[in-house]
Structures are given as structure tokens and as C-alpha cells.
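User: Could you walk me through reading this model, one feature at a time?

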Amino acid sequence: MTLILAIAALLAALPLAFGLALLRRGGSPGGSLAAAALIEAVRGVPLVTQLLFASFVLPLLLGGGVSKFGMALAALTLHTACLLAEVLRGALQAIPPGQMMAARALGMRPAVAYWTVIWPQARRIAAPAALGVFVGAVKDTSLVSIIGVFDVLGAAKAVVAGTDWRPYHVEVYLAVALLYFGASLALSRVARRMEGPAAS
């Protein structure tokens, strides 16, 4: 459950973050203001509050029918996307504007210019800060237990609650720590690949 939540939230957050970054940086004034308001609102509210809101308030507004897993995934995705959007926006701002103008002068459409000229450079600039967001997203999955989603930390608590396993609580929580460490290490390798030269 922990790995599914983390991977799904990261995969869903990437395109959303890219869209928010582009909208905030170069969209219409109304779109830029809306993106900025959403990003600042999500960043300014603790993730625990967002999870509780998604779990208990949204089902009332939507009339129910949404699982707790779906609500937790939505909250994690939105939270990660807004944090990542600011990282990407800063990376995009670091690219000299003349590069986009040069690409357009060569006849490239804006989408092609972003994908082939701007994005490879922004990806390398954003990689170190994006790693922090990715690792934070993995660790944030431990908070979903407060709304009843049975993740690895909830499983560890349930195991330790048993009298047979109570003497081994150090080993149980050490295994959980190693799982999070392994996931964070794998993400750091992905970030190093992002910092490498773009494929031609």
C-alpha cells in the first residue's frame, strides 16, 4: 500500500506540477493567479489537515462513493504537485528567455521548443530540489494511517500490538525504516539520472 500510494502520487503529480508551473509562469493573468492561489493554499495547509479534509469533508460534498484510498491518493497527489510546481517554476525561470525566442525563430512550435530545448535544461536544474519533494512524498505516505488507510506503518503498529511480537518492536520499526530508506535511495538514483545530460 505504501509503495502503491507513493508511486501513484508521484506519477500523477508530475504532469500536474508541470502544468501548474507553466500556467503560473506564462499563462494568462487569470490562469496565473488561479495557479498561484492553488499552490499557495496547498503549501500553506499541513498535509494532515488536507488528508482529514479529503477523507471526511469531500465525501459529504460529493455524496460519498469514493474510497479512503482514492481520497488519500488525491490529497497526496495535489500536495506533491504543488510543491513540485514551485521547483519546476524556479528551474524554468533560470533558463534565459533568449533560448525560447531562438527556438521559435527556427520554426519550432512552443510545445516542441519546451520539450526539446527548455525542459532538458530545466530538468537538470530542478533535479536536486525535486529529489527532496520526491523523498518527502514517500515519507508523507506514513500519514495516511490517520484516516484509516492500512499502510506499512499501520501494519507495523498492528504487529507490535500483539503480545507475541511486542518484544521485537525495535526490529519491526527498523524494517519499516529500511523500507523507507530503500525507497528514498532509489529516488536519489532517479534524481541523478535527471541531472545527467539529456538524450539527443
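User: Which helix gives the largest share of the lining of the largest pocket?

Analyst: Helix 1 does, with six residues. A helix here is a DSSP run of H or I, at least four residues, numbered from the N terminus. A pocket is an open set of points on a 1 Å grid over the protein atoms alone, where a 1.4 Å probe fits, with protein on both sides within 12 Å along at least five of seven lines; lining residues have an atom within 4 Å of a point. Do keep in mind that this is a predicted model, where local features need pLDDT of at least 70 and side-chain atom pairs pLDDT 80 or more, while totals for chains, interfaces and linings use all residues. Residues are numbered from 1 along each chain, and side-chain values use heavy atoms, without hydrogens and water.

User: What lines the largest pocket?

Analyst: The lining includes Leu-3, Ile-7, Phe-134, Val-138, Leu-187 and Val-190. Helix 1 (2-26), helix 6 (110-140) and helix 8 (169-195) are the elements that each give two or more residues. The space in this pocket is about 210 Å³, taken as the volume filled by probe spheres set on the points, which are joined across faces, edges and corners.

User: How many helices and strands are there?

Analyst: The protein has eight helices and zero strands.

User: And what percentage of the residues is buried?

Analyst: Buried means under 20% relative accessible area with a 1.4 Å probe, protein chains only. Here that makes up 38% of the 200 residues. The C-alpha atoms fill a box of roughly 70 × 40 × 25 Å along the principal axes.

Key:
Buried means under 20% relative accessible area, exposed over 50%, partly exposed in between (1.4 Å probe, protein chains only).
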